[in-house]
Amino acid sequence: MKVTELEHPSHPNHILMLKSSDTPYKCDGCKELGFGPCFECEDCNFHLHEECALASKSSYHPLFRRCELIFHEETYGGRYCDACGKDVLGFVYQCTHDNAHDLHPCCLKLQPKIINDGFVLHLSDKVPSKCLKCNSREISRGITGWSYVSSCGEFCYHVACVKDLVLENWRNGYFNGDNNNGSAQTSNLALMRIASPSNEVARRKGRLGSKDIKFWRIAKMVLKLIISAIFGDPTGGIAIIVESLVSQY
Ligand SMILES: [Zn+2]
Ligand SMILES: [Zn+2]
Ligand SMILES: [Zn+2]
Ligand SMILES: [Zn+2]
Ligand SMILES: [Zn+2]
């Protein structure tokens, strides 16, 4: 049976209810952004991802085959998530090895494979080609992070870069209905940076050939799939924004 309400030690005085949030929220467990279903205390504006609220004591991920990942509500500072490269600021799964791996609860649930209409993306900790957003193999600080890569190897986005794109737009207020004038423009800038048939191609050729157009059409589809893999399938207003996020440039 699906859990629709629960008591959680991180919010001891009130019952949390499963809600489908129409706006993105910041999870009070892992401190990362979330879309869609979450456990909420409306009175206190307190939210937990389903993954954070219903975390298991220990878990595994296929990319860390030899690691038992133990759930912690907090950890010592200076840790970052091996998947998305972002700091660990709250709930985390950590393995027991020296030099431990860390994963946000939402990053732990990243599917090893996304299949859509026969098009397959693989989650990988190696990067066969440059990420289409940052145009690099590493995300930062010498960290490769995880990426989703197409079978052909041509389409590759860092989990980190896709998270950043969505976060940027969230911070700019684009997701909060405040999407006129200024923020829409900033958002368009963010879009240009990601989906744009990389200025480089355009510059080289003067204009986009039909091959490039096809390439970027697939890239956008890939991007949308990855957004869903990270944040869950967007619903309602969020779905429309995600659609415009990846489609207009
Ligand atoms: Zn969380
Ligand atoms: Zn409360
Ligand atoms: Zn380990
Ligand atoms: Zn992460
Ligand atoms: Zn990247």
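Glutamate 168 and lysine 133 form a salt bridge in this predicted model, their closest N and O atoms being 3.6 Å apart; a salt bridge here is a side-chain nitrogen of Lys or Arg within 4 Å of a carboxyl oxygen of Asp or Glu. Because glutamate 168 lies in helix H3 and lysine 133 in the loop between strand S10 (119-124) and strand S11 (147-150), the pair ties together parts that are 35 residues apart in sequence. Helices (H or I, at least four residues) and strands (E, at least two) are DSSP runs, numbered from the N terminus. Glutamate 168 is partly exposed at 22% relative accessible area, whereas lysine 133 is buried at 18%, where buried means under 20% relative accessible area, exposed over 50%, and partly exposed in between (1.4 Å probe, protein chains only).

This is a predicted model, in which local features need pLDDT of at least 70 and side-chain atom pairs count only at pLDDT 80 or more, while totals for chains, interfaces and linings use all residues. Residues are numbered from 1 along each chain as its sequence is written, chains are lettered from A and ligands numbered from 1 in the order in which they are written, and side-chain values use heavy atoms, with hydrogens and water left out.

Across the whole structure the search finds nine salt bridges, including those in this table.

| Salt bridge | N to O distance |
|---|---|
| Lysine 163 and glutamate 32 | 2.7 Å |
| Glutamate 51 and lysine 109 | 3.4 Å |
| Glutamate 168 and lysine 133 | 3.6 Å |

The salt bridge between lysine 163 and glutamate 32 links distant parts of the chain, with lysine 163 in helix H3 (residues 159-171) and glutamate 32 in the loop between strand S2 (11-26) and strand S3 (33-41), 131 residues apart. Lysine 163 is buried at 6% relative accessible area, and glutamate 32 is likewise buried at 10%. For the salt bridge of glutamate 51 and lysine 109, the partners are 58 residues apart, glutamate 51 in helix H1 (residues 50-53) and lysine 109 in the loop between helix H2 (105-108) and strand S9 (113-116). Glutamate 51 is partly exposed at 23%, as is lysine 109 at 26%. Elsewhere, Lys19, Glu40 and Glu42 are linked in a network of salt bridges.

Cysteine 27 is buried at 1% relative accessible area, and histidine 49 is buried at 4%.

Seven aromatic pairs are counted, where rings of Phe, Tyr and Trp (its six-membered ring) pair if their centres lie within 6.5 Å, planes under 30 degrees apart counting as stacked, over 60 as edge-to-face and the rest as tilted. Phenylalanine 119 and phenylalanine 155 form an edge-to-face pair, 6.3 Å centre to centre with 65° between the planes. Phenylalanine 155, which is buried at 4% relative accessible area, also forms a stacked pair with phenylalanine 215, at 4.7 Å and 25°. Ring pairs link Phe119, Phe155, Phe215 and Trp216 into a cluster.
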